[in-house]
Amino acid sequence: MTSQDVARLLLSRQTAGLRSFSAASKLMHGQRKAPMRMTTEEAFVKTLQMHGIKNAFGIIGSAMMPISDLFPKAGIKFWDCAHECNAGMMADGYTRTTGKMSMMIAQNGPGITNFLTPVKTAYWNHTPLLLVTPQAANKTIGQGGFQEVEQMNMFKDCVCYQEEVRDHTRIVEVLNRVIEKALLCSAPAQINIPRDYWTQVVELPLPTGVKLERTGGGKESTRRAAELLSEAKFPVILNGAGVILSGGTEQSVKLAERLGAPVCCNYQHNDAFPGDHPLHMGPLGYNGSKAAMEVMSKADVVLALGTRLNPFSTLPGYGMDYWPKDAKLIQVDINGDRIGLTKSVDVGIQGDAGLVAEQLLQQLAPEAGSGRAERAALVKEKKAAWAAELESLDHELDDEGTTWNQRARQAAPDFMSPRQAWRAIMRVMPKEAIMSSDIGNNCAIGNAYPSFASPRKYLAPGLFGPCGYGFPAILGAKVGNPDVPVVGFAGDGAFGISVNEITACGRGDWPPVSMVVFRNFQWGAEKRNTTLWYDDNFVGTELNKGVEYAEMAKACGLKGVKVQSVEQLERALSSAIEGQMKRGETTLVEVLLNQELGEPFRRDAMKAPVQVAPINASDMAE
């Protein structure tokens, strides 16, 4: 008998009779538990069960196998992805659309490093996720062994909380605390576990757990805010992600109706207020709603509800510097560190957006909302004008002195423009659908088009701005919402970053999705910058015209279709959604577009270069 056989025999004797993962042993968060004898991996999994964490995204690795071995009998589904970066984006999409925490886990070292981009993405999307990072063993760490890297320092600016397990008896204590911190701060949190802490036997109680109640803001700050809103002649509400995260949509609607205040959505949060409500104005920010910008410019009091007021979310648009600089500003955020960070604030309220809205509603003066009839008429006028303008917009304009968009139309007269494609898409999208978007020019042009009747329907990449978000995010959304149609969108550059997931999502019980890929054969946002500031000196902006994404999908066992006209697009997308919901089909719709380019994202940060010292190829050393 080998030493490994002896170890296995001793472990089997030690763990004989331990509790199985059955309904009879269900343990609830917030209840005290009696000590029990178990292995560290059993304790870990039981803590996950206590918090209702049922879905994990990643790639299997030896450092996590002691716990993944228990997933099936514990009721935890492990979604084995093609790349850890995509796995993290899936976790973000799942949690944002369900409100339920999910887990990211992979092999220590190179598996974990691939989580960096999605974890930072989730951080700025305010998504509570559990990041589990198995670490190289204590016995060898520091010797530069296999797959060893400093995993705590790597994520310190990407998570709201992180902790390394220092002793195997503390695994459940640390895991419970990390989960609670993620939920409290609405952000990813990390537990780092040396891999030699698995397969240890402990006898201890599982954590009781503490759920801290969120507040509706301070007494004085809510009083002052209610006073400002009551006296306002033209109040405007700006809803951010905090309204969605708090489940505060209904409270926000009641407050807006009481004040007769138009409601704008913060950039990339088109689902932060019901799109079918008369007071809904649409999104601010890059390629947003002109109607929203026009009413915001008239505000004398702005209630920024559940938003950190990211500096890029209120940049000028359509030639309008619309932010009302003389208006009183009330900012509500669950994180006090972000209040007043980007704009001068007259009243700051640290609290849950929904609860704060409830408090403000109760404290409004009887005269609050005066002038509502005039505001309602203006809102109706601006919305109608913008809807008509948006419907008439077929093509992108060229800045004075440039001709790129004109040339793009002439070069491909039979291809759709981006706006023609987006209008066709909106005509066939089911109202209840969940939608994801990506970073890039064609997706950015689409920002003005979608609105949603309910929250948790729109997955934009967020302000970390990762390319390759749209496809994996919609896969995660479908995992959490199997009975809802889901449609993802990406340009061909961004899709190329996550395309490897077509090799994974057709396997086993992966749910079907519909994915639209815009094909204009260029990195559009960077090419737009080049046309405006670098005299069409295109460096690194061109994509391979020989790539056939629809054919790649077919080769992976999925459906694939290529379209180039409005009629073809409408038929193909309708069929794809029907196939998703009725036949379990995943379909990739490849949409050929001309190379028109919309408004650049960073006019504020770009300028034409100035030559001081000439650069010549002849100066290059051999």
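## A parallel sheet and its helices

Over residues 438–591 the chain is 37% helix and 16% strand, with the end C-alpha atoms 15 Å apart. Helices (H or I, at least four residues) and strands (E, at least two) are DSSP runs, numbered from the N terminus. This is a predicted model: local features need pLDDT of at least 70, side-chain atom pairs count only at pLDDT 80 or more, and totals for chains, interfaces and linings use all residues. Residues are numbered from 1 along each chain as its sequence is written, and side-chain values use heavy atoms, leaving out hydrogens and water.

User: Which feature does UniProt place at residues 438–591?
Analyst: The entry is unreviewed. UniProt annotations may be inferred rather than shown by experiment; positions follow the numbering used here and feature names are shortened. The record's feature is "domain: Thiamine pyrophosphate enzyme TPP-binding".

User: What is the bridge partner of N239 in β10?
Analyst: β9 pairs with β10 (residues 263–265) in the parallel sense over 3 bridges. β9 is also joined to β12 (residues 301–305) by 5 bridges, where N239 partners L305. In β10, the partner of N239 is C265.

User: Which residue of β13 is the bridge partner of V302?
Analyst: β12 and β13 (residues 328–333) run parallel, joined by 5 bridges. The partner of V302 is L329.

User: Why is α10 called oblique to α14?
Analyst: Axes are lines fitted to C-alpha atoms, for helices over the stretch in contact, and angles run from 0 to 180 degrees between N-to-C directions. Angles under 35 degrees count as roughly parallel, over 145 as roughly antiparallel, 65 to 115 as roughly perpendicular and the rest as oblique. Helix α10 (residues 219–231) and α14 have axes 9 Å apart. Their packing angle is about 60°, which makes α10 oblique to α14.

Definitions and conventions. Two strands pair if DSSP finds at least two bridges between them.
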